Amino acid sequence: YLIRRARISCASIWVIGFGGALDVAAVLDFVDSGHDLIVAADTTASDLIKSVATECGVDFDEDPSAMVIDHQGYAVSDVDGDHTLIAADELIRSDVILGKTKIEAPVLFKGIAHSLNAANTLALKVLSGSPSAYSANPSAKLSSPPSLTGSAISLVSVVQARNNARIMISGSLDLFSNRYMKSSVQKAGSPSKYEKSGNEQFVTEVSKWLFHERGHLKAGNLRHLKVGETGEPAMYRIKDDLEFYVDIFEWSGNSWEPYVADDVQVQFYMMSPYVLKTLSTDKKGLYHTSFKVPDVYGVFQFKVEYQKLGYTSLSLSKQIPVRPFRHNEYERFIPTAFPYYGASFTTMAGFFIFSVVYLYNK
């Protein structure tokens with residue numbers, strides 16, 4: 001199934017054991033090259049597999065015999081199991097990652113827990129443990145409180161690297177099995193029984209996102225011009241009125257479609273943003289705005305930095321110098337200086353009147 005999902009140009013690796021020249025550095029180089037990766041583990045996962053996950057900001061439970069246990073959210077299913085067979089329904093609320101069709105049936109999960117490094121802002125929980133879940137050895141008595149409990153447990157996580165490479169990390173190999181995908185499922189304490197678990201829909205939708213069939217943006221044709229002109233200038237003058245344009249599209253799986261959003265912004269930047277404007281869209285992929293060049297001269301940049309949950313990040317910039325007024329471009333009489341002009345002439349008139357009165361008055 002996963003091989004069939006990898007039919008597009010992006011690549012994946014399902015790592016069970018390493019051998020030959022394949023090591024942690026090779027896998028990380030693969031991701032650094034912009035490729036996508038699936039890491040699926042269970043209780044037999046090697047230290048090398050866990051090391052790959054750690055490098056991605058995901059930490060598996062240190063106890064090698066620990067599994068996710070849930071005495072309230074376990075699955076009553078035709079698949080044999082105990083309270084380590086979980087009917088998980090704590091899904092991320094993101095249409096771009098899981099699709100617009102809601103996953104109604106719980107997802108069958110049997111495997112190990114992991115947590116996300118708090119310092120890693122690139123990792124997201126896609127499937128989380130319920131409040132009653134915990135990680136422990138199911139065949140041994142608890143001698144101390146479990147280190148991972150409740151919603152801190154992540155069952156399936158995704159990472160989008162800064163180069164937009166995507167990684168999926170699962171604590172269960174069985175999650176991808178045909179057996180779990182075709183099994184009926186009923187969560188303990190729930191009257192609803194589903195003829196088919198949510199595994200197939202869950203894996204299908206996440207893999208669409210993982211392999212950039214959804215949530216992949218591209219931007220280009222960044223351009224700007226002075227109001228009333230058609231060509232892009234080599235520089236602007238302070239207080240010029242300008243217009244800014246950029247095209248943004250989203251990959252639909254088959255073609256590039258216009259991306260429609262109301263939170264795309266442009267910065268007119270020199271050391272810090274002097275202008276920050278939200279772009280308007282014609283809903284055909286074109287984003288635009290207009291503003292006045294600030295009364296500061298120097299080398300500026302038009303910058304579009306766009307980051308949104310589930311979408312590839314966009315980073316575009318274009319440099320443009322801004323010059324001050326030339327000596328012959330200033331107004332001969334500045335309106336804001338009229339009070340000073342008036343004060344000067346009033347002083348002269350007063351001095352003249354005072355002189356006349358002083359000289360001719362006995």
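Guide: A residue is called buried when its relative accessible area is under 20%, and that cut-off is needed for strand β11 (residues 154-160) of this predicted model.

Visitor: What makes strand β11 mostly covered?

Guide: Seven of the seven residues of β11 are buried, and since buried stands for a relative accessible area under 20%, the strand is described as mostly covered.

Visitor: How do you know which strands join β11, and in what sense they run?

Guide: Two strands pair if at least two bridges are found between them. Strand β9 (residues 123-128) is joined to β11 by five bridges, and five bridges also join β11 to strand β12 (residues 166-170), so with a cut-off of at least two both count as pairs. β9 and β11 run antiparallel, and β11 and β12 likewise run antiparallel. Among the residues concerned, K125 stands opposite S157 in β11, while V159 has I167 in β12 as its bridge partner.

Visitor: What lies between the strands in the hairpin of β11 and β12, and which residue there takes a positive phi?

Guide: Five residues lie between the strands of that hairpin, and N164 takes a positive phi near 75°.

Visitor: How do you know whether helix α7 lies in the open or is covered?

Guide: Helix α7 has 23 residues and the number buried is zero, so the helix lies largely in the open. The length of α7 (residues 338-360) can be set against expectation as well: at 1.5 Å a residue it should span 33 Å, and its end C-alpha atoms are 33 Å apart, which agrees.

Visitor: Why is T289 counted as buried?

Guide: The relative accessibility of T289 is 11%, and because the cut-off is under 20%, T289 counts as buried. T289 is found in strand β22 (residues 286-292), and, leaving out residues up to four places away in sequence, T289 touches L242, E243, F244, V266, K277, T278 and L279.

Visitor: What makes V107 buried, and what does V107 touch?

Guide: V107, which is found in strand β7 (residues 107-109), has a relative accessible area of 0%, and that value is under 20%, so V107 is buried. Not counting residues up to four places away in sequence, V107 touches I86, A87, A88, L127, L175, G198, N199 and F202. Although V107 and K196 are 89 residues apart in sequence, they are 9.6 Å apart in space, C-alpha to C-alpha.

Visitor: Why is one side of β16 and of β20 left without a neighbour in the sheet?

Guide: Five strands form an open sheet in the order β16-β24-β23-β19-β20, with mixed pairing. β16 (236-237) and β20 (272-278) stand at its edges, each with a single partner strand, so one side of each has no neighbour in the sheet. The pairing of β16 with strand β24 (residues 314-323) is in the parallel sense and runs over two bridges, which meets the cut-off of at least two; the bridge partner of Y236 in β24 is V322.

Visitor: How many cavities does the count come to, and what volume has the largest cavity?

Guide: The count comes to two cavities of 30 Å³ or more, and the largest cavity has a volume of about 60 Å³. It is lined by 14 residues, of which D70, I86, A87, A88 and S130 are the closest to its centre. The elements that give two or more residues to this lining are β3 (67-70) and β5 (86-88), and β5 supplies the largest share, three residues. By class, the lining of the largest cavity has six nonpolar, four polar and four charged residues.

Visitor: Which residues line the second largest cavity?

Guide: The second largest cavity holds about 40 Å³ of space and is lined by D42, T43, K50, F60, D61, D63, P64, A66, I112 and A113. These divide into five nonpolar, one polar and four charged residues.

Visitor: Which residues lie nearest the centre of the largest pocket?

Guide: T121, L122, Q160, Q307 and Y311 lie nearest the centre of the largest pocket, which is lined by 16 residues. The volume of that pocket is about 330 Å³. β11 gives the most to the lining of the pocket, with three residues, and by class the lining has eight nonpolar, six polar and two charged residues.

Definitions and conventions: Residues are numbered from 1 along each chain as its sequence is written. This is a predicted model: local features need pLDDT of at least 70, side-chain atom pairs count only at pLDDT 80 or more; totals for chains, interfaces and linings use all residues. Side-chain values use heavy atoms; hydrogens and water are left out. Helices (H or I, at least four residues) and strands (E, at least two) are DSSP runs, numbered from the N terminus. The expected span of a helix is 1.5 Å times one less than its number of residues. Buried means under 20% relative accessible area, exposed over 50%, partly exposed in between (1.4 Å probe, protein chains only). Contact means heavy atoms within 4.5 Å. On a 1 Å grid over the protein atoms alone, a cavity is a set of points where a 1.4 Å probe fits but cannot get out, and a pocket is an open set with protein on both sides within 12 Å along at least five of seven lines; lining residues have an atom within 4 Å of a point. Grid points are joined across faces, edges and corners, and a volume is the space filled by probe spheres set on the points. Ala, Val, Leu, Ile, Met, Phe, Trp, Tyr, Cys and Pro count as nonpolar, Asp, Glu, Lys and Arg as charged, and the others, Gly among them, as polar.
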